[in-house]
Amino acid sequence: YGLLGMHQEAVDVALATGDVQLAYHNANRPTSETVRRKLWLSIARAQEAAGKVDSMRDLIEKSGTLTIKDVLQFVQEESVVSEFKTDICRTLDEYESQIKALRSEMDTYRKASQGFKEELRKV
């Protein structure tokens, strides 16, 4: 199926036969990140249905497209904090860095705007 470009079918068949590594391989084949993400989410759903929640961290690392936010929906609440503590902390640190960068960018634009206003007042 994978050679024919039928990626979803390839992943589904691999999961049905229990070959998770083949499912991983087929999920990485599409060039579209949206399609890859959809395939990886279907693998996450299958892993959760099979009770293999402990493999979610591995899934995040191997996919390259999924984040902790994506797989939390497939994890039982009791295991979230204990098993995903480092991943959650890393994600929060990334968000904090993004927020700081956006604040800095906003400050730059605010200063530029004030400069433009002052120039307009002079004219």
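This is a predicted model: local features need pLDDT of at least 70, side-chain atom pairs count only at pLDDT 80 or more; totals for chains, interfaces and linings use all residues.
**α1 against α2**

From α1, I noted His7, Ala10, Val11, Ala14 and Leu15. They meet Leu22, Ala23, Asn26 and Ala27 of α2. I then sorted the contact by class: 7 residues are nonpolar, 2 are polar and none is charged.

Next I checked the geometry. Two packed helices are described by the angle between their axes and the distance between the axes. Helix α1 covers residues 7-16 and helix α2 covers residues 20-27. I found that their axes come within 7 Å. The crossing angle is roughly 170°. Angles over 145 degrees count as roughly antiparallel, so α1 and α2 are roughly antiparallel to each other.

**Alanine 16**

I stayed with α1, where alanine 16 lies. Is alanine 16 buried or exposed? I read a relative accessible area of 70% for alanine 16. The cut-off for exposed is over 50%, so alanine 16 is exposed. I also looked up its separation from alanine 46, 30 residues apart from alanine 16 along the chain. Their C-alpha atoms are separated by 9.1 Å.

**Helix α4**

I moved on to α4, residues 56-63. Which residues of α4 are buried? I listed Met56, Leu59, Ile60 and Ser63. An α-helix has 3.6 residues a turn, so residues three or four places apart point the same way.

Last, I checked what follows the helix.

Terms used: Residues are numbered from 1 along each chain as its sequence is written. Side-chain values use heavy atoms; hydrogens and water are left out. Buried means under 20% relative accessible area, exposed over 50%, partly exposed in between (1.4 Å probe, protein chains only). Helices (H or I, at least four residues) and strands (E, at least two) are DSSP runs, numbered from the N terminus. Axes are lines fitted to C-alpha atoms, for helices over the stretch in contact, and angles run from 0 to 180 degrees between N-to-C directions. Angles under 35 degrees count as roughly parallel, over 145 as roughly antiparallel, 65 to 115 as roughly perpendicular and the rest as oblique. Contact means heavy atoms within 4.5 Å. Ala, Val, Leu, Ile, Met, Phe, Trp, Tyr, Cys and Pro count as nonpolar, Asp, Glu, Lys and Arg as charged, and the others, Gly among them, as polar.
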